[in-house]
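Biologist: Hi! Could you walk me through this one? I'm new to it.

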Amino acid sequence: MKTLNDFDFNGKIVLLRCDLNSDVQNKKLLKSERIKEAAITINELKKKKAKIVILAHQGRPGDSDFISLKQHSKQLNKYTKVKFVEDIIGKKAEKAIKELKIGEALLLENVRNLKEEFNAEENKITSFFSKMCEIYVNDAFSVCHRAQASILLPKYIKKSCAGRILEREVNALSKIKLKNTLYILGGAKPEDNIKLLGNHKVLSCGLFGQVCLINKGKKLGEQENYLNKKKIFIKIPKIKLKNVKTPLDFAVNINGRKEISLEGFPNKNEIFDIGSITQKNYIEEIKKAKAIYMKGPAGDCSKKEFSKGTFSILNAIANSKAFSVIGGGHLSDAIVASKINKKKFSHISLSGGALLNYIAGEKLPGLKVLGIK
Ligand code: 3PG
């Protein structure tokens, strides 16, 4: 694997692909570990006298968390100085890149504003950056499962390497010992999670848990409208659900947290967390496990009262003797918020879907193009 040690960055324009994708509530960016960690490679490149152009995304077009990176630049500025320009491959971006001085960093606008980002072939994005930049650094392990333009740039920029976060994540992969694993799958991306369904025992939670429950035939009421509106609901074949445990109760918001058992559904309430019965049940499974992989939160961790399910599961994992891997930006943020000692987990990854795809045995296009096996 080529790293920051392998090139002379002095005076070079470096394109750095970071993953700044973070939790957004009502268009407001929440505090993010991914953004904090991104500063590590940026600062090293500054010391190496590079001119740094940062490319990143937030959300997916059409989703409520699909916002500008302006707030990200403000948060990133707490850890390292970056300028922000509301452009990606236009005249404004070109001018700002050309004006960069040694040791300066420039964050461009959300690359997913361009439809070409979703195209794996040569296009406007690949031709602009291969013309403007001399070295490509990928520090976005968590996006390496996407065959997207900003990830496949090493095809066009020959001098390419891993940033420090990607390097750390790839080195950790070899240490991951996931045999007879208990999978705890939450969050809001069921299309990733279903790759791990089959023969292993799975505890489902978060929006994914609700999707599994509905697929098992349970009616949830109002929450189903929410899942459909957000395009989160997907059909899962019954056979895939045979080893999947689903929640037994939920927390809703009726003047604060109120728990309702499964018999109380369908109803007109939206769901924000798993309830105490589910937590107790899942914790018993955690105590028996030899290896645990958890991806995605169990509930809405942007609100303290609905962080309870996620925190209690994380606590149980931290106190178990199992080899544990925790994956995803939201869960990394939840560990910080819960104040659980990070050392109590065997590996914390900033990556959700990419790590899951790797564990499911898939080759990640972003690693392949960097020559990493
Ligand atoms: C993530 O949060 O897992 C990465 O940023 C990738 O986001 P995506 O699932 O929208 O491609």
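**Salt bridges and the ligand site**

Modeller: Happy to! Lysine 201 is partly exposed, at 38% relative accessibility (buried is under 20% relative accessible area, exposed over 50%, partly exposed in between, with a 1.4 Å probe and protein chains only). This is a predicted model, where local features need pLDDT of at least 70 and side-chain atom pairs count only at pLDDT 80 or more, while totals for chains, interfaces and linings use all residues. Residues are numbered from 1 along each chain as its sequence is written, and side-chain values use heavy atoms, leaving out hydrogens and water.

Biologist: Which side chain does lysine 201 meet in a salt bridge?

Modeller: Glutamate 285, at 2.8 Å from N to O. A salt bridge here is a side-chain nitrogen of Lys or Arg within 4 Å of a carboxyl oxygen of Asp or Glu.

Biologist: And is glutamate 285 buried or exposed?

Modeller: Glutamate 285 is buried, at 9%. Lysine 288 also forms a salt bridge with glutamate 285, with the closest N and O atoms 3.7 Å apart, and lysine 288 is exposed at 58%.

Biologist: How many salt bridges does the structure hold?

Modeller: It holds 22. Among them, Glu44, Lys48, Arg164 and Glu167 are linked in a network.

Biologist: Switching topic: what classes of residue make up the shell around the ligand?

Modeller: Six charged, three polar and no nonpolar residues. Asp, Glu, Lys and Arg count as charged, Ala, Val, Leu, Ile, Met, Phe, Trp, Tyr, Cys and Pro as nonpolar, and the others, Gly among them, as polar.

Biologist: How far is arginine 60 from the ligand?

Modeller: An N or O atom in the arginine 60 side chain is 2.8 Å from a ligand oxygen.

Terms used: Polar contact = N/O pair within 3.5 Å; in protein donor to acceptor, adjacent residues only side chain to side chain.
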